[in-house]
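Me: Please take a close look at one part of this structure for me. I want the salt bridges, and then the pockets and helix packing around them.

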Amino acid sequence: MFFFPFDITFLILIPGLLLAAYAQYQVSSAYKTYSNVPTKTGITGAAAARALLNINDLSNVGIEDIAGNLTDHYDPRKKVMRLSQGVSQKASIAAVGVAAHETGHALQDKDGYWPLRARNIIVPVAGFGSNLAWPLFFIGLIFAQGWLMDLGIVLFSIALLFTIITLPVEFNASSRAVKSLIDNQIIQPGEEVGVKKVLRAAALTYVAAALMAFLNLLRLVILRGSRN
């Protein structure tokens, strides 16, 4: 985000900043707590993911380790699930929950889940728009070029659309994860409570991102209106 000198419109962002901070706290707390709760079956995140993929005829999807913490993701282009070491190699409720969530994305890809398809299409445009929106708007504001400000708003709107489409993708993946873990008895009765807490906390970060994007867009629109 960008703050203009002596611009009080940044106050609009406060609710988003507070929610983002709360979401990050919830993720860190839930993940830390349930990373220390072992699965009753002793299954690791990678093993759980492999089992779910095979059960759903997705043996072609590979699993790779990736550096970092909670850097886990599914790559629909290469049909690869990348899991951080804390998820891949650990037999904990948090690890299995996160791994199953990424499996949920693989299942979405297999089923042609349209929000995932839409998000994949928007990804390059959203990244491009997010990077250029603020500089274009700022230049337009400084040099009183309304068309540049408008272009910045349009580009940032695409970034907002991306965050909105991401919400059903993430919620659906988590729903699939919990159901798959229970239906296939990869977790035992009662363990789903911890899995749900971890995934709900993670989902909250996407809600916060969408809210921040909306508030930033609102801020741009207000600044644009003040220059008319």
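Reply: A salt bridge here is a side-chain nitrogen of Lys or Arg within 4 Å of a carboxyl oxygen of Asp or Glu. The model is predicted: local features need pLDDT of at least 70, side-chain atom pairs count only at pLDDT 80 or more, and totals for chains, interfaces and linings use all residues. Residues are numbered from 1 along each chain as its sequence is written, and side-chain values use heavy atoms, with hydrogens and water left out.

Start with Glu170 and Arg119. Their side chains form a salt bridge, at 3.0 Å from N to O. Glu170 sits in helix H6 (residues 146-183) and Arg119 in helix H5 (residues 114-142), so the bridge ties together parts that are 51 residues apart in sequence. Helices (H or I, at least four residues) and strands (E, at least two) are DSSP runs, numbered from the N terminus. Both Glu170 and Arg119 are buried. Buried means under 20% relative accessible area, exposed over 50%, and partly exposed in between (1.4 Å probe, protein chains only).

Arg224 bridges to Asp150, with the closest N and O atoms 2.8 Å apart. Arg224 belongs to helix H7 (residues 192-226) and Asp150 to H6, so this pair joins parts that are 74 residues apart in sequence. Arg224 is buried, at 15% relative accessibility. Asp150 is partly exposed, at 35%.

H6 and H7 also pack together. Their axes are 9 Å apart, at an angle of about 170°. Axes are lines fitted to C-alpha atoms, for helices over the stretch in contact, and angles run from 0 to 180 degrees between N-to-C directions. H6 and H7 are therefore roughly antiparallel. That label needs an angle over 145 degrees; under 35 is roughly parallel, 65 to 115 roughly perpendicular, and the rest oblique. The contact of H6 with H7 has 22 nonpolar, six polar and five charged residues. Ala, Val, Leu, Ile, Met, Phe, Trp, Tyr, Cys and Pro count as nonpolar, Asp, Glu, Lys and Arg as charged, and the others, Gly among them, as polar.

Now the pockets. A pocket is an open set of points on a 1 Å grid over the protein atoms alone, where a 1.4 Å probe fits, with protein on both sides within 12 Å along at least five of seven lines; lining residues have an atom within 4 Å of a point. Grid points are joined across faces, edges and corners, and a volume is the space filled by probe spheres set on the points. The largest pocket has a volume of about 720 Å³. It is lined by 32 residues, and Glu170 is among those nearest its centre, with Asp72, His73, Glu102 and Tyr206. H7 gives the most to this lining, with seven residues. The lining has 18 nonpolar, eight polar and six charged residues.

The second largest pocket holds about 170 Å³. Ten residues line it, with Ser130, Trp134, Phe156, Ala159 and Ala213 closest to its centre. H6 gives the most here, with four residues. This lining has seven nonpolar, three polar and no charged residues.

Glu64, Asp75, Arg77 and Arg82 are linked in a network of them.
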